[in-house]
Amino acid sequence: MSKPNPLTYCLLVTGPAYGTSQAASAYQFAKALLKAGHILKTLFFYQDGVLNGNVLTSPATDEFDLVNAWRKLAQESGCEMHICVAAGLRRGIIDKEQAASLSLPTHNLSDGFIMSGLGSLAEAMLTTDRTIQF
């Protein structure tokens, strides 16, 4: 019996790293689909989901560090992690280039995350087999 072809996935995460179960559920789903042999191409963080990319998030030592877990997952899987630029700016998430253009002293976008627009989400949805929202 032959193994079916793997599917490609885009996950749309709209919940914050802490306070709801949306982001944690998305992370567990991502781990499961990779374990099953599927391909995770894109993680797109939108609405409060952009808070998953805040390098200043500092959970207690006995809590799961979801921001670092996302980075590790992306490194292991090769997927891209996009933060919606408009939603990020509304919630105080800013990358190095935007901080410089706004004359701000620092940035807080975690390494491995990319600020992008909804066009990146549309492209991901068009180029993957499945899009799942959390």
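The stops below concern an annotated residue, a second residue of its strand, and a helix.

The model is predicted: local features need pLDDT of at least 70, side-chain atom pairs count only at pLDDT 80 or more, and totals for chains, interfaces and linings use all residues. Residues are numbered from 1 along each chain as its sequence is written, and side-chain values use heavy atoms, with hydrogens and water left out.

Select Cys84 first. An unreviewed UniProt entry places the feature "active site" here; such annotations may be inferred rather than shown by experiment, feature names are shortened, and positions follow the numbering used here. Cys84 lies in strand E3, residues 80–84 (strands, E, at least two residues, and helices, H or I, at least four, are DSSP runs numbered from the N terminus). Its relative accessibility is 4%, so Cys84 counts as buried (under 20% relative accessible area; exposed is over 50%, partly exposed in between; 1.4 Å probe, protein chains only). Beyond neighbours within four places in sequence, its contacts (heavy atoms within 4.5 Å) are Phe44, Phe45, Tyr46, Val50, Ser116 and Leu118.

Next, select His82, also in strand E3. His82 is buried, at 8% relative accessibility. With the same exclusion of sequence neighbours, its contacts include Phe44, Phe45 and Ser116.

Finally, select helix H1, residues 22–35. Colour its buried residues: Ala23, Ala26, Tyr27, Ala30 and Leu33. These lie on the same side of H1, because they cover an arc of only 130 degrees around the axis (taken from the directions from the helix axis to the C-beta atoms). Their cover includes strands E1 (8–13) and E2 (39–45) and helix H2 (66–77). On the other side of H1, Gln28 and Lys35 are exposed.

How values were computed:
The expected span of a helix is 1.5 Å times one less than its number of residues.
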